[in-house]
Amino acid sequence: MKKASVILSSALILGLLAGCGNNTDNAAAPTNAPAETTAPATNSGNAGTEAGQYKDGVYYGTADVDAKTGWQYFALLTVEGGKITKADWDAFNVNTAGDLKKKVSEDGKYGMKAGGASSEWHEQAAKAEEFLIEKQDPAAITFDAEGKTDAISGVSVHVSDFVKAAQAALAAGPVEAGQHKDGGYHAEGEMDAESGWKSTVDLTVANGNVVAVKFSGLNAAGDDKKQFSVDGKYGMKAGGASAEWHEEIALAEKYFLENKGTAPTLDAEGKTDAISGVSIHVGEYFTLAEKALEGAK
């Protein structure tokens with residue numbers, strides 16, 4: 001009987017311990033989730049599974065174009081030894097295809113301090129870059145519904161596009177840089193005595209590739225040909241054309257980007273049948289683009 005009693009007592013104790021173990025497993029796990037942000041946290045894909053374990057290389061990613069301003073932000077990240085060692089947050093303008101935003105800011109043409117800010121855009125961008133290098137995770141840059149953050153001292157600009165671009169870059173994995181030097185490039189032709197216009201080309205290069213292009217022109221009054229057409233002053237449709245000049249030149253710009261600057265087959269007049277919907281002279285623009293990129297070597 002005594003032996004049976006000992007066995008029974010042991011069984012009861014084991015049952016109680018098992019019950020305690022089950023309660024521990026069912027308890028809610030503690031969390032250290034960051035403050036709410038509209039961007040998803042991600043370190044997935046080829047980049048690695050956690051901070052400090054990214055694959056070495058250069059990463060490039062973009063956020064969506066700002067429809068109002070034309071700026072498209074990008075992040076260019078360098079990873080060495082599994083860690084982000086360099087971060088470049090910048091933007092190109094899809095409408096003007098000129099200098100990168102940092103250059104515009106450095107040249108005093110963006111004018112944030114003139115508008116009351118404590119520092120210029122490129123200075124605030126540098127602080128955001130430093131913060132990312134320190135934290136090693138874009139999701140550490142939390143932001144509110146307006147895209148602004150309290151996480152980085154001295155930064156009042158919208159950082160949401162930096163977060164989205166950096167996350168897109170890391171998710172995509174390392175990429176090969178193009179052959180050109182980053183920046184904005186311009187070239188223009190001679191004034192045409194008959195038309196009164198001279199052709200102009202503006203290009204933006206990021207990560208070595210042309211990412212934005214503007215084919216346009218100038219007259220003696222300084223009017224921008226593309227805007228002149230948008231304003232209804234060029235009047236191609238009124239003359240019987242199926243589209244306005246700015247609509248056709250936009251198709252040529254698209255072709256240029258998609259074909260990495262390779263010119264279509266042209267006739268003696270500089271026209272082409274290779275771009276559907278384009279009846280205007282486009283040959284000079286591809287020639288001027290090559291000239292502009294001579295400064296990007």
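The chain has seven helices and six strands. Helices here are DSSP runs of H or I with at least four residues, strands are runs of E with at least two, and both are numbered from the N terminus. This is a predicted model, where local features need pLDDT of at least 70 and side-chain atom pairs count only at pLDDT 80 or more, while totals for chains, interfaces and linings use all residues. Residues are numbered from 1 along each chain as its sequence is written, and side-chain values use heavy atoms, leaving out hydrogens and water.

Q: Why is lysine 102 called buried?
A: Buried means under 20% relative accessible area, exposed means over 50%, and partly exposed is in between (1.4 Å probe, protein chains only). Lysine 102 has a relative accessible area of 15%, so it counts as buried. Across the chain, buried residues make up 41% of the 297 residues.

Q: What makes the pairing of lysine 102 and aspartate 88 a salt bridge?
A: The rule asks for a side-chain nitrogen of Lys or Arg within 4 Å of a carboxyl oxygen of Asp or Glu. For lysine 102 and aspartate 88, the closest N and O atoms are 2.7 Å apart, and the pair forms a salt bridge. Lysine 102 sits in helix H2 (residues 101–106) and aspartate 88 in strand E3 (residues 83–93), so the pair ties together parts that are 14 residues apart in sequence. The general idea is that side chains of opposite charge can pair when their charged atoms come close.

Q: Is aspartate 88 buried or exposed?
A: Its relative accessibility is 19%, so aspartate 88 counts as buried.

Q: How do you know that lysine 103 and aspartate 107 form a salt bridge?
A: Their closest N and O atoms are 2.6 Å apart, and the pair is a salt bridge. Lysine 103 has 38% relative accessibility, so it counts as partly exposed. Aspartate 107 also has a relative accessible area of 38%, so aspartate 107 is partly exposed.

Q: Is lysine 260 buried or exposed?
A: Its relative accessibility is 74%, so lysine 260 counts as exposed. Lysine 260 lies in the loop between H6 and H7, and it has a positive phi of about 55 degrees although it is not a glycine.

Q: Why is glutamate 176 called exposed?
A: At 74% relative accessibility, glutamate 176 counts as exposed. You'll find glutamate 176 in the loop between H4 and E4. Its C-alpha atom is separated by 9.2 Å from that of tyrosine 60, 116 residues apart along the chain.

Q: Which residues of helix H7 are buried, and what covers them?
A: In H7 (residues 283–292), the buried ones are Gly283, Tyr285, Phe286, Leu288, Ala289 and Ala292. Their cover includes strand E4 (183–188), strand E5 (197–206), strand E6 (209–219), helix H5 (225–230) and helix H6 (245–258).

Q: Why does glutamate 284 count as partly exposed?
A: Glutamate 284 is in helix H7, and its relative accessibility is 39%, so it counts as partly exposed.

Q: Which residues does phenylalanine 228 touch?
A: Phenylalanine 228, in helix H5, touches Trp197, Asp223, Lys233 and Tyr234, not counting residues up to four places away in sequence. Contact means heavy atoms within 4.5 Å.
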